[in-house]
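Please set out the side-chain pairing, core packing and ligand surroundings of the protein shown below. Give the cut-offs along with the values.

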Amino acid sequence: MEGSSSMLDAEAVADLVLLDPLTEESLVQTLQERFRRRDIYTYIGNVVISVNPYQSLPIYTPEKVEEYRNCSFFAVKPHIYAIADDAYRSLRDRDRDQCILITGESGAGKTEASKLVMSYVAAVSSKGEEVNKVKEQLLQSNPVLEAFGNAKTVRNDNSSRFGKYMDIEFDFKGEPLGGVISNYLLEKSRIVRHVKGERNFHIFYQLLAGASPQLLQQLKLRQDCGHYRYLDREGSSLPGMDDAANFHAMQDAMRIIGFSPTEVTELLQVTAVVLKLGNVQLSSSFQASGMEACSISEPQELREICELIGLDPGRLERALCSRTVKARDETVLTTLTVPQGYYGRDALAKNIYSRLFDWLVQRINASIQVKSDKQRKVMGVLDIYGFEIFQDNGFEQFIINYCNEKLQQIFILMTLKEEQEEYVREGIQWTPVEFFDNSIICNLIENSTTGILAMLDEECLRPGVVNEDTFLTKLNQLLATHKHYESKETQNARRVTDASLPPRCFRIHHYAGKVTYNVTGFIEKNNDLLFRDLSQAMWAAQHALLRSLFPEGDPQKVSLKLPPTAGFQFKSSVAMLMKNLYSKNPNYIRCIKPNDTKSAMVFTPELVLAQVRYLGLLENVRVRRAGYAFRQLYGPFLQRYKMLNAQTWPRWDRGDREGTEVLLAGLQFPAEELAFGHTKIFIRSPRTLFDLERRRQERVAELATLIQKMFRGWRCRTQYQLMRKSQILISAWFRGHRQKNRYKQMKRSALILQAYARGWKARKTYRKYFRSSASTCLANFIYQRLVQKYLVGLAKNLPPLSVTDRTWPPAPYRFLDNTNQELKNIFYHWKCKKYRDQLSASRRAQLQARLCASELFKDKKTLYPKSLQQPFRGDYLGLKQNPKYQKLHAVAKDKLVMADSVRKVNRASGKTVPRLLLLTTEHLVLADPKAAQPKNVLSLSDIRGVSVTRFSDGFLALHLKEISTVGAKGDFLLVSDHLIELVTRLYQTFEATTGQALPLHITDRFSTRFPKGDVSITVVESPKASTNGPVCKKKGSNKMEVLVY
Ligand SMILES: Nc1ncnc2c1ncn2[C@@H]1O[C@H](COP(=O)(O)OP(=O)(O)O)[C@@H](O)[C@H]1O
Ligand SMILES: [Mg+2]
């Protein structure tokens, strides 16, 4: 084999060539372990062993097809697709015809395998309308053949009861063109008999279950399976198998393949005839001669058959119940006994069916055959029974096992041949290896003179008494000394006894084991006779298809030559098959059934061991290992193992072979373990290979660690470098930034320093040009200029001289603010003085009086604001001008201050009397107005004080000192219309005369001294007092109320 890691799992090697130790047990164990892991496929070199999983596994998906497509055979897990792909590619690319040989016992999965191969090839070959049609036809041949050729057996619900070989033909591009199917050995005995629990061929059940009532009527059938004796009464339907649906699928398939409706009808009619034949009942009757003869007991079924095939019922009845015997030149009609009649009937049914099956195959071939005669490549798929060892083995087993023996022979020859050729090609010395060559067994069976088959034929053709005993005796005589032949007699002759070998039996040591065959039925089955009357009757029918199945029934073609025996036919078809297979490159699929119960994932080692034996798997491995277990092209080998040698690792520049030699030299394997071919290295034992693989794995682990280490180092380094670069960049930017800021700061400082320095320098330079107090001088000068300018401006802009105008221009500079304010005040004072200076003496006195009035009364007496309108006239009486007041004028003389008329309040009644009042610089005089005679003359120094009210009235109390002369009369209460002027002048005069301030009371309540005692006066605001003056009311002796307004 060629290496790959998945192959080299020592516990469950994917290739049994590498099995070590190689024993039956280890082989079965490996298969079991792989089966447990759901690896149902295992290799022996390029042979695939397939263990039936009895469950659908997800390994046949389109993705899997893609996976195996064009991949290297050993690079992927063992799979049937791998072998199919290998075969297909070898066919397409290397122009080698292929055959795929699928063997195994019934139920082992052969037919499934063949279908998988076909579907894989269909999937990977190119697509196109024409190609797809061909593929479809090829694939659709399966349901048709399965319907007619498959049946339920105890081992397999869908067991093929015929061997099938199909050649699929391709053009040079690998596109399928068509195919040819060959069939072998249909198990026709099943038509008339089958073991309980099994069924007849599927088609009968399908027909009854799936056909429409019209079709059934047309075929004169009843839907009831139980009605037909050839079918099983019980268990006609199968769980998991839908007969009706399969019938429709089969019909569709026939349509796709190209069957015409007539052909389909005819086919079904013949099928119906077979079914109905089983219901033809014979009964015995006695003839005139007294001989017992058979006759049809119930003619109905017979009549219907004849209607179906267009035949005279009498003719068929005759053929079924009698037989024409030719003796010399006479023909004699002899009647048959009932068993003979039944034998004939069953033989007819079997013959019709098997010939119908042959026709079916031919018909399919006609459709799928390649029309053009382009050059073709062929892939053959052989699905044939495997080796069979039953309790009781008959003719069929003998034939089948013979076929398997031949296949084994092919296998041995081909494998060895190939092996040998490879060694020659590679220039390696071929050392013959022990293995079992089975040609001696093949010879035992097929030798044309002494072979068992030949002897069987001889017995069949020999005139005289012929039966199985004579046949066995003959065998015993001839083969007594044959190593692989045994019977009771030969044993006896050799004085060996084996209780398991019964009489009427012989035993053959096949390559796969010993099989004991019972000779019963050998002659009959080999002859496979059909009475001529029956074939002639069939030929006579009008039914075209049926008629064509019995060409020998044509009376014109009567020949006395016996037809070839079954054994002979089989031998020649096997020979043809072998020839065919020899011309092709073989691919093997060995199918194994893991259990007898069709259960998923159950593995019965004993059962598998038996199959391993008769599939000759161990033998297979041995042959494959005849020389070297392992070979591989130098290139891939070196590639895989070069890490095992320091010289070849990591790179080898010279040739692959040289490299391999250097590599292996370093590993020091024993010389006989290795051989160097022209293109490949050969390793003799699996152990060496495993050793190599183990070392590789260890080394790979080391290398992986190394790679990891380097990678991690590299990753860290690059990361570090990156970080470092970033860090440098960041710090560069930061430093730059910081430095820039610092520089800016320094530049600013430098500029300031420079400015100072330059200033200082300039000052120093220019100092000599100035006196030291120049700046003060300059400043003073500037100040002076400013002040000058200000003052001049001010002089030009003086405000008007009016006393009431207080405007003044604002200071132009702040430093002049105070000055300005000062000037403003000075100017104002000056303005006032000037105003005062130009006033006359009287005006001045008046103003002084006014000022005094203001000081005395402002905000104290409500009369004051009203009095402002009235000028102080002083003399209201006109003393000088009026002669009436002559006397009074004399009193006053030049000292008159004020003269006015007042009212004097009577101190007793409160009523008022008019009086004239004169105020001089020394006296206050009250006079009678009529007489103008002074009544009271008061010296100013007698006045103690004056009281007035707060209100706007002219009431006043004149308090006198007690000690004075007039004082004895008490205080005077007066009412004046010019109260403010009067009190003001009195105040001024008093002050001027006495040098003291006159006490003035502005109050609501005060007391006066009257001659009769003190009176307290209360001023009351009252509307009763008119504008004329206050009203005084005496209240009791010492209270007086003054009502003012
Ligand atoms: N590869 C497979 N995967 C799943 N089931 C399988 C496989 N091969 C066979 N079988 C099952 O086993 C049954 C018998 O297989 P079949 O091919 O008819 O056996 P054979 O032709 O060898 O008698 C099938 O009907 C199917 O159920
Ligand atoms: Mg099959």
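The report below covers conventions, salt bridges, the packing of nonpolar residues, one lysine and the ligand site.

This is a predicted model, in which local features need pLDDT of at least 70 and side-chain atom pairs count only at pLDDT 80 or more, while totals for chains, interfaces and linings use all residues. Residues are numbered from 1 along each chain as its sequence is written, chains are lettered from A and ligands numbered from 1 in the order in which they are written, and side-chain values use heavy atoms, with hydrogens and water left out.

**Salt bridges**

The structure holds 56 salt bridges, a salt bridge being a side-chain nitrogen of Lys or Arg within 4 Å of a carboxyl oxygen of Asp or Glu. Three of these pairs are tabulated here.

| Pair | N to O distance |
|---|---|
| Glu33 and Arg36 | 2.8 Å |
| Lys584 and Asp167 | 3.4 Å |
| Glu187 and Arg190 | 2.6 Å |

Glu33 and Arg36 are three residues apart in helix α1 (residues 24-36), which puts about one helical turn between them. Helices (H or I, at least four residues) and strands (E, at least two) are DSSP runs, numbered from the N terminus. An α-helix has 3.6 residues a turn, so residues three or four places apart point the same way. Accessibility is classed as buried (under 20% relative accessible area), exposed (over 50%) or partly exposed in between, with a 1.4 Å probe and protein chains only. Glu33 is buried at 16% relative accessibility, whereas Arg36 is exposed at 54%.

In the salt bridge of Lys584 with Asp167, Lys584 lies in the loop between α22 (566-582) and β16 (585-592) and Asp167 in strand β6 (residues 163-170), so the pair ties together parts that are 417 residues apart in sequence. Lys584 is buried at 6% relative accessibility, and Asp167 is buried at 11%. Glu105, Arg155, Lys593 and Asp596 are joined into one network by salt bridges that share partners.

**Nonpolar packing**

A nonpolar core is a set of buried Ala, Val, Leu, Ile, Met, Phe, Trp, Tyr and Cys residues joined through side-chain atoms within 4.5 Å. The largest one has 208 residues, and those with the most contacts inside it include Phe148, Ile452 and Leu692. Helix α13 (residues 338-368) supplies the largest share of this core, 13 residues. A second, separate core of 33 residues includes Phe857, Leu940, Ile943 and Leu986.

In helix α16 (residues 452-461), eight of the ten residues are buried, among them Ile452, Met455 and Cys460.

**Lys571**

Lys571 is placed in helix α22. Leaving aside neighbours within four places in sequence, Lys571 is in contact (heavy atoms within 4.5 Å) with Tyr402, Glu446, Ser448 and Leu453. The side chain of Lys571 also reaches the backbone oxygen of Glu446 at 3.0 Å.

**Ligand site**

Ligand 1 is surrounded by 15 residues, each with a heavy atom within 4 Å of it. The closest are Asn52, Gly107, Lys110, Thr111 and Glu112. Oxygen atoms of ligand 1 lie 2.8 Å from a side-chain N or O atom of Asn52, 2.6 Å from one of Thr111 and 2.8 Å from a polar backbone atom of Glu112. Taken alone, ligand 1 exposes 550 Å², of which the protein buries 83%; the areas come from the Shrake-Rupley method with a 1.4 Å probe.

Note on methods. Polar contact = N/O pair within 3.5 Å; in protein donor to acceptor, adjacent residues only side chain to side chain.
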